[in-house]
Amino acid sequence: IKNYNFDTYKKNIHIPEYASQDVIDCINNLPKHDGTFFHGDLNCSNIVKNNHLFLIDPNYKYIFGSYLTDAGKAYFGFIAYENNYSEAEIISKKYGKDVIKFAVAEGLRVCKYKPEYISIVNNIGDLL
């Protein structure tokens, strides 16, 4: 997977009208870091488990990604799709508080298609 510059990630984030100031501050202060292998849409619906784990339906086209962006997407997914904050918290304990910042960013990427998720993104932004 070819990885792109971090700026491609930030340029792909749209901040909607109803984003809180915490969310805006978070996006303005996303920690720049090196790209790594990444899935691009890591959430429970894109993991198949039998004797092994399989990650399906990746979305890594023409954009920066890393383990932090994937962890942020998984964190957002546990809260938004699974209503499971305790599992999300395990991810941030493992990879640090920056995961929450990337959960906000990944949530905003979802808001481009499902604007009703902005309240969840704002709530996650309040955790910072």
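1. Lys10 touches Ile27, Asn28 and Leu30, leaving aside residues up to four places away in sequence; contact means heavy atoms within 4.5 Å. Lys10 sits in helix 1 (residues 6-11). Helices are DSSP runs of H or I with at least four residues, strands are E runs of at least two, and both are numbered from the N terminus. Lys10 and Leu30 are 20 residues apart in sequence, yet their C-alpha atoms are 8.4 Å apart in space. Lys10 is partly exposed, at 28% relative accessible area. Buried means under 20%, exposed over 50%, and partly exposed in between (1.4 Å probe, protein chains only).

2. A word on the basis. This is a predicted model, in which local features need pLDDT of at least 70 and side-chain atom pairs count only at pLDDT 80 or more, while totals for chains, interfaces and linings use all residues. Residues are numbered from 1 along each chain as its sequence is written, and side-chain values use heavy atoms, with hydrogens and water left out.

3. Helix 2 (residues 21-28) meets helix 5 (residues 98-111): their axes come within 9 Å and cross at roughly 105°. Axes are lines fitted to C-alpha atoms, for helices over the stretch in contact, and angles between N-to-C directions run from 0 to 180 degrees. Helix 2 is therefore roughly perpendicular to helix 5; angles of 65 to 115 degrees count as such, under 35 as roughly parallel, over 145 as roughly antiparallel, and the rest as oblique. Helix 2 contributes Val23, Cys26 and Ile27 to the contact, and helix 5 contributes Lys101, Val104, Ala105 and Leu108.

4. The whole structure holds 3 salt bridges, each defined as a side-chain nitrogen of Lys or Arg within 4 Å of a carboxyl oxygen of Asp or Glu. One of them joins Lys73 to Asp41 (2.9 Å, N to O). Lys73 lies in helix 3 (residues 67-80) and Asp41 in the loop between helix 2 and strand 1, so the pair ties together parts 32 residues apart in sequence. Both residues, Lys73 and Asp41, are buried.

5. Lys101 pairs with Asp98, the closest N and O atoms being 3.5 Å apart. Lys101 is partly exposed at 23% relative accessibility, and Asp98 is partly exposed at 28%. Glu106 pairs with Arg109, with 3.1 Å between the closest N and O atoms. Glu106 and Arg109 lie 3 residues apart in helix 5, about one turn. Both Glu106 and Arg109 are buried.
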